[in-house]
Amino acid sequence: MAEHASERRQAREFAMIQAEVERNLLGGEMKYTREQVSELSGIPLERVQKLWVAMGFAADVGSDAAMFTDADVEALRGITSLVDRGIIDPDLEVSVTRALGQSFSRLAEWQLGLLNSHILDRLEHRDPGEPADPHAVAAQATLVAEQMLPTLERLQSYVWRRHLASNAARFLDNRGEEVDSRTLVIGFADMVGYTSLTRRIDITELTELLEYFESTVNNVINQGHGWVIKNVGDEVMFAAEDPADAAAIALALQDAASSTEELPSLRVGLARGEVLVRFGDAYGSVVNIAARLTSSARPGTVLVDSTLADALSGNPKFQLRSLRSLRVRGYSRLKASALRRG
């Protein structure tokens, strides 16, 4: 009975804290309905709804209640102004908004984890004789948010601009290619035995493993003149323009894994060809082939497709050993070669 009472009390406390923090994060009072936002912004309600959902928010939020602020009105005007000024094609408006929403949703998830840890620590380590004062905890949480947000906003802007600057030359120099279609080497690297490993280690150990994996592969890929497309648990997807850079990255990833006990063995697969690049991700048969080669590779090895093998042929830094054609999902006779240092 006492346990249930404690849970109810904590639920009430968190509701109060959430309301205080939410007001601070939104930067203003929630005072507009969906219809009012449409009227104030001058944007048709259907378009408002599509953009709201694309940003990653529930379709029925704010249908009749005052759930929107002045900042929401300005944001909608900002999004649609990119279309109105001809910067974004009207057909891409929802897709661009969705890409922003997905990226910042993930970013917000870990940032709010910092704030959540602080709140939990205050509640769990409260003196048993101290009277419950969720207002005080909420006030301190709000103070932390006020101190944290400006710093994070500046940092996000800095990192974003730095990435724009470092990637600008690569993108702007593709004079002979379509903007969305580029010739790249796509690679995957995944940890061997990850599924069985997760059954033997606890959450803390799993967190440490993933952090070590991500930091290691990101460092190798970035130093090797490639870039990370995405991390998905035990696997990283990356790209490089130069075939030799991609090959060197793959071998360096294997060296990094074999030189430490912190990581299990890796499998790496590479493929080269025309790729559809869309909102930071990559699509097409080249991506599929690289994924199939990765799943077919033995632990500690690198497999490359025939197109990349041809591009590396004659380079004294690398050795290629042709393998028998692979039978994998979607490809009955996939030609592959094992890559080693020359």
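Tutor: Let us begin with a term: helices and strands here are DSSP runs, a helix having at least four residues and a strand at least two, numbered from the N terminus. Please note that this is a predicted model.

Student: How many helices and strands are there in the chain?

Tutor: The chain has 11 helices and 10 strands. Of its 342 residues, 36% count as buried. Among contacts between residues at least 6 apart in sequence, 66% join residues at least 24 apart.

Student: How does one look for empty space inside a model?

Tutor: Rolling a probe the size of a water molecule over the atoms shows where empty space is left. In this model the count comes to one cavity of 30 Å³ or more, and the largest cavity holds about 30 Å³ of space.

Student: Which residues line the largest cavity?

Tutor: The lining consists of Arg34, Val48, Gln49, Trp52, Phe68 and Leu76. Helix α3 gives the most to this lining, with three residues. By class, the lining has four nonpolar, one polar and one charged residues.

Student: How should I read a nonpolar core?

Tutor: In soluble globular proteins, nonpolar side chains tend to be buried together. Here the largest nonpolar core has 33 residues, and those with the most contacts inside it are Leu253, Leu270, Val302 and Leu339. Among the elements that each supply at least two residues of this core are β1, α8 (203–223) and β4 (266–278). The largest share, eight residues, comes from α9.

Student: Which residues are in contact with Leu339, leaving aside its neighbours within four places in sequence?

Tutor: They are Ala247, Leu251, Val302, Val304, Leu312, Phe318, Gln319 and Leu320. A second, separate core of 23 residues includes Ile289, Ala290, Ala297 and Ala338.

Student: Is Asp190 buried or exposed?

Tutor: Asp190 lies in strand β1 (residues 181–191). Buried means under 20% relative accessible area; Asp190 counts as buried because its relative accessibility is 9%. Not counting residues up to four places away in sequence, Asp190 touches Asp234, Glu235, Ser265, Leu266, Arg267 and Thr294. The C-alpha atoms of Asp190 and Ser265 are separated by 8.4 Å, although these residues are 75 residues apart along the chain.

Terms used: Residues are numbered from 1 along each chain as its sequence is written. This is a predicted model: local features need pLDDT of at least 70, side-chain atom pairs count only at pLDDT 80 or more; totals for chains, interfaces and linings use all residues. Side-chain values use heavy atoms; hydrogens and water are left out. Buried means under 20% relative accessible area, exposed over 50%, partly exposed in between (1.4 Å probe, protein chains only). Contact means heavy atoms within 4.5 Å. On a 1 Å grid over the protein atoms alone, a cavity is a set of points where a 1.4 Å probe fits but cannot get out, and a pocket is an open set with protein on both sides within 12 Å along at least five of seven lines; lining residues have an atom within 4 Å of a point. Grid points are joined across faces, edges and corners, and a volume is the space filled by probe spheres set on the points. Ala, Val, Leu, Ile, Met, Phe, Trp, Tyr, Cys and Pro count as nonpolar, Asp, Glu, Lys and Arg as charged, and the others, Gly among them, as polar. A nonpolar core is a set of buried Ala, Val, Leu, Ile, Met, Phe, Trp, Tyr and Cys residues joined through side-chain atoms within 4.5 Å.
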